[in-house]
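Visitor: I would like a close look at a single part of this protein. Please keep it plain and brisk.

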Amino acid sequence: MRTVAVIGGGVSGLISTKCCLDGDLLPTCYEMTKDIGGLWNYDENAIDGKASVMKSTEVNTSKEFMAFSDFPPPADYPNYMHNSKLLSYFRMYASKFDLLKYFRFRRRVTRIEPTDDYEQTGCWLIYSVDVNETDEEKIRDKLHSWQYKTPHGFEDKTVLIVGIGSSAGDMAVELGRAAKQVYLSTRRGTWVYNRVGPNGWPTDMYRTNLMLATIQKYFPWLMNRLIERELSKKFNHELYSLKPDHLPLQQHPFINDDLPNRILCGSVIIKPNIKEFSSDGHSVLFEDNTKIDHVDCVLMATGFNIAFPYLNESILSVKDNKIQLYKFVWPSHLAHPTLAVMGLIQPWGAINPMTELQARWAVRAFKRELKLPSRLKMDEDIHQRFEKMSKRYVSSPRHTIQVDYIEYCNELANEVGCLPNILSYLLNDFSLGWLLLCGPCTPYRYRLEGPSKWKDARHAILTQDKRVECPLRHGKRQNQSMKYPINPTFSMTMYQTPLEVVNTLRDHIVSSSTFCNREEFLETLENVQNNLSNDENTSIDNCHVIRCINLEGFDGVGKTTLANKLAQNPGFSLLPTLPDSIRPFRAYFDAQNEYVRRSYYSLCNIVASHKLASSSHTTVWVLDRYWPSTIAYQLAHQDNLDLASIENPLPWPNHLVRPSYVVYLYLNEDKRRGRIAQRHSQEPMDPEEQQLASDNTFRERLDAIYRRVENIHSIDADATTDEMAETILQGFKNS
């Protein structure tokens, strides 16, 4: 087995280690600290050679974009995670794929050099030393942004922050609440983006899609105009002394929801570029000739320098913060593709998905499954990228490794062989294809096909909006209809597939602190999933119809009595749609939010469908409620439901067999309530029956949806059981 050295145990190191294992390579990850996480592992001490975030730092990209492509973050995690939550997510990832046994902690790599037989083998020698606590130099007197941790010690001080990147903005906002006064010095100003987008949706979930990326690529002037107009609605950048001379797409984005508020409150004052400091260092003169007489502390947030201290310059050289790498991964001059750089990019968007695609590409190259272009072509690509960046961005050392999220991800995915064919999905799986075309370009799409594809990628894409909504709702009922803010006219109600149902219930049970029979139910789910995967009828066409009778309707219309009557006929049998293995959990799920509750009943439908498909065709089954009730209640519970938007007739889902005769029993409401009152004279009504009795709008909506189900036959239940049974049997014989 080929061995791979991974230098650094941050997120790029975790990703690279995992991708090596996926490719049957044996990785060893060298990490100089005692833990994973790199920059995102907060350390209260400022240690030379180890940068870490501020204690209060939160990510600027939402969790669905920070996600590992085959391991979505927990649904209840906030959309913009605090660094501690992000580190927790990294630990889950490391634990899930058992990565830590490949790590060598407290090992500092001092030198990497080619072996004597490099020209033949492409192998490298790795030199490393142990790192002890005493070796770590704690910095206290220098004041760079990476050393700032908390506002403690800055109370009642006058602070000057130099630079206007993300770190500068975060420090200014935090110190603006603690310091006496904060000044923020910027050479060019900046356009200020928000995490919160239209309708409260995470901005990247709203903006990062193929349609907008296409506009940006071919009509950048139009995209600049649209972005500037949108950002100017938040506040007047010129009035706040922040408006730059350049256009929004000509600078790396600055994301901060709180800075305008701090400026408005006066705790942060924007100043131009610094002209000079006084000899004692406490007085500052700016280029507009304004002056601050006394500054207690200066924090430099002016970016970083690219460096590889363990590599000879003949291997990787950096000049003016530029590095010659093909697609920001490969040194073009090396004889073998056995050294790759991961995560050395500054993206418009999340970096994790890009690093993951880089690592997947690198693994395929290491294994000789694909070949890189000639050095000439790689050098041409490098030159074109630098030329393209110089034309687009303002001149700055920070604008040497810029990439656009979608364009770069698709470019890498094409190299890996995992770029999804959207047209094919539109033709064969429209709900997924539409999301790939119009929805947010989350990383799961790059696991749908190609090497190391993930069987649950489709489910992750179809449920990503639910994970966005989950931490915002705090247990409130979730809508089944997912509305995508990228296109206000677009909303789609999707039938849950068997896999979606099983995964939804599994995720809920695993995260529940009140479910008492977790192992028993998880075993039930596992059995259901195994049965489905082994069933040749798991994927059933809409024309797969089973000879059976399905009775539907409100409580109190006589379904159960009628079902028992029909089942007494020769060759007929009653099929409970609440199987014995699932029935004991009904009370628990009836108390959950509507989405989880309907997932439970969808599971019952799946089990019933499996039973119908696999049973003898000589038996005529009678079902007391089936899929029509599940979809009717699911839709009726949507507060803003427009009945005109529901298909008429309402088609059956492809994954369930269809009964040959479906009956909707209806009854005058006063009579139905009388029957319910008699039934519950000794016990209270359940919440569903209470809602039917008290909410006329809900009841009318439910009735209308029932009647729209494809090929359903409505029968007035104000008749005797024998009369209804005769009518139904006649209709069944003629069906």
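Which residues is arginine 708 in contact with, leaving aside its neighbours within four places in sequence?

Guide: This is a predicted model, in which local features need pLDDT of at least 70, side-chain atom pairs count only at pLDDT 80 or more, and totals for chains, interfaces and linings use all residues. Residues are numbered from 1 along each chain as its sequence is written, and side-chain values use heavy atoms, with hydrogens and water left out.

Now to arginine 708. Leaving aside neighbours within four places in sequence, arginine 708 is in contact with Leu643, Ile646, Glu647, Asn648, Pro649 and Leu650. Contact means heavy atoms within 4.5 Å. Arginine 708 lies in helix α25, residues 696-708. Helices (H or I, at least four residues) and strands (E, at least two) are DSSP runs, numbered from the N terminus. Arginine 708 has a relative accessible area of 19%, so it counts as buried. Buried means under 20% relative accessible area, exposed over 50%, and partly exposed in between, with a 1.4 Å probe and protein chains only.

Look next at two of those contacts, Asn648 and Pro649. The peptide bond from asparagine 648 to proline 649 is cis, with omega near 5 degrees. Proline 649 sits in the loop between α22 (627-636) and β24 (658-666).

Now step back to the domains. The protein chain is divided into domain 1 (3-133 + 308-456), domain 2 (147-300) and domain 3 (543-734). These bounds come from an automatic or database domain assignment. The C-alpha centres of domain 2 and domain 3 lie 58 Å apart.

Next, the cores. A nonpolar core is a set of buried Ala, Val, Leu, Ile, Met, Phe, Trp, Tyr and Cys residues joined through side-chain atoms within 4.5 Å. The largest has 101 residues, and Tyr89, Phe90, Leu316, Trp330 and Trp361 touch the most other members. Helix α10 (residues 352-366) gives this core its largest share, eight residues. The core draws at least three residues from each of domain 1 and domain 2. Apart from it lies another core, of 72 residues, among them Leu562, Tyr600, Val622 and Ile705.

Arginine 368 lies in the loop between α10 and α11 (375-392). Its phi is near 65 degrees, a positive value in a residue other than glycine. At 42% relative accessibility, arginine 368 is partly exposed. Aspartate 156 also has a positive phi, of about 60 degrees, although it is not a glycine. Aspartate 156 lies in the loop between β5 (124-130) and β6 (158-162). With a relative accessible area of 62%, aspartate 156 is exposed.

Last, the whole chain. It has 26 helices and 25 strands. Its C-alpha trace spans about 100 × 65 × 50 Å along its principal axes. Of its 735 residues, 53% count as buried. Among contacts between residues at least 6 apart in sequence, 70% join residues at least 24 apart.
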